[in-house]
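Trainee: Could you take me through one part of this model up close? I'd like to follow a single residue and then see what surrounds the rest of the fold.

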Amino acid sequence: MDRLLGHHGGALRVDYSIVGHSKIENMPMGDFVAMMSSPKFLGDPLVRTQHLMGASKYEKVSDTEVIGHHQIRAAHQRYTGPDRMTVENRGHGHSFIKHWYRKVDGVWKLSGLCPQVYWNEHNFDKIFVQLKAEH
């Protein structure tokens, strides 16, 4: 996540409401990194993920704004213990994620993101159990 801190265009537009988080128009990057790496989300030591990008399409909004539409397959596994020897649940998502990009000082930077899930395989609802308990 540390590398991500240098690749953003200020506050982010973040809409992860699809997985139980709020939609926030101006989230500071540090807050985004904290949310994503939280033990209740991707920082859960019992969860492992792999996100594979497929097709991408870019839409020019202006000379300083672009929207990227990226096909994603996100594989998730929750393990029974920290040794990660036994898989408790699998949950794989098939989605598109919208990324907003803004040109800052001549360099394209991430300025927002919003996933749209088309379907899930297996028991996706049992992957982020701590997050689900809050909502």
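Mentor: Let's start with a term: a polar contact here is a pair of N or O atoms within 3.5 Å, where one must be able to donate a hydrogen and the other to accept it. Keep in mind that this is a predicted model. With that cut-off in hand, look at Asp 44: its side chain makes a polar contact with the side chain of Arg 78, at 2.4 Å. As for where Asp 44 sits, go to the loop that runs between helix H1 (29-36) and strand E3 (47-62). Set aside the neighbours within four places in sequence, and Asp 44 is in contact with Ser 38, Pro 39, Arg 78 and Gln 130.

Now for the nonpolar side of things. The largest nonpolar core has 21 residues, and Leu 12, Val 14, Tyr 16, Phe 32, Met 35 and Leu 113 have the most contacts inside it. Two or more residues each come from strand E1 (8-15), H1, strand E4 (65-79), E5 and E6. H1 gives the most, with 5 residues.

Two of those contributors are worth a look as a pair. Strands E5 (residues 87-104) and E6 (residues 107-122) run antiparallel to each other, paired over 14 bridges. Pick out Ile 97 and you'll find its bridge partner in E6 is Pro 115. The two strands form a hairpin with 2 residues between them, and in that turn Asp 105 has a positive phi of about 50°.

Key
Residues are numbered from 1 along each chain as its sequence is written. This is a predicted model: local features need pLDDT of at least 70, side-chain atom pairs count only at pLDDT 80 or more; totals for chains, interfaces and linings use all residues. Side-chain values use heavy atoms; hydrogens and water are left out. Helices (H or I, at least four residues) and strands (E, at least two) are DSSP runs, numbered from the N terminus. Contact means heavy atoms within 4.5 Å. Two strands pair if DSSP finds at least two bridges between them. A nonpolar core is a set of buried Ala, Val, Leu, Ile, Met, Phe, Trp, Tyr and Cys residues joined through side-chain atoms within 4.5 Å. Buried means under 20% relative accessible area, exposed over 50%, partly exposed in between (1.4 Å probe, protein chains only).
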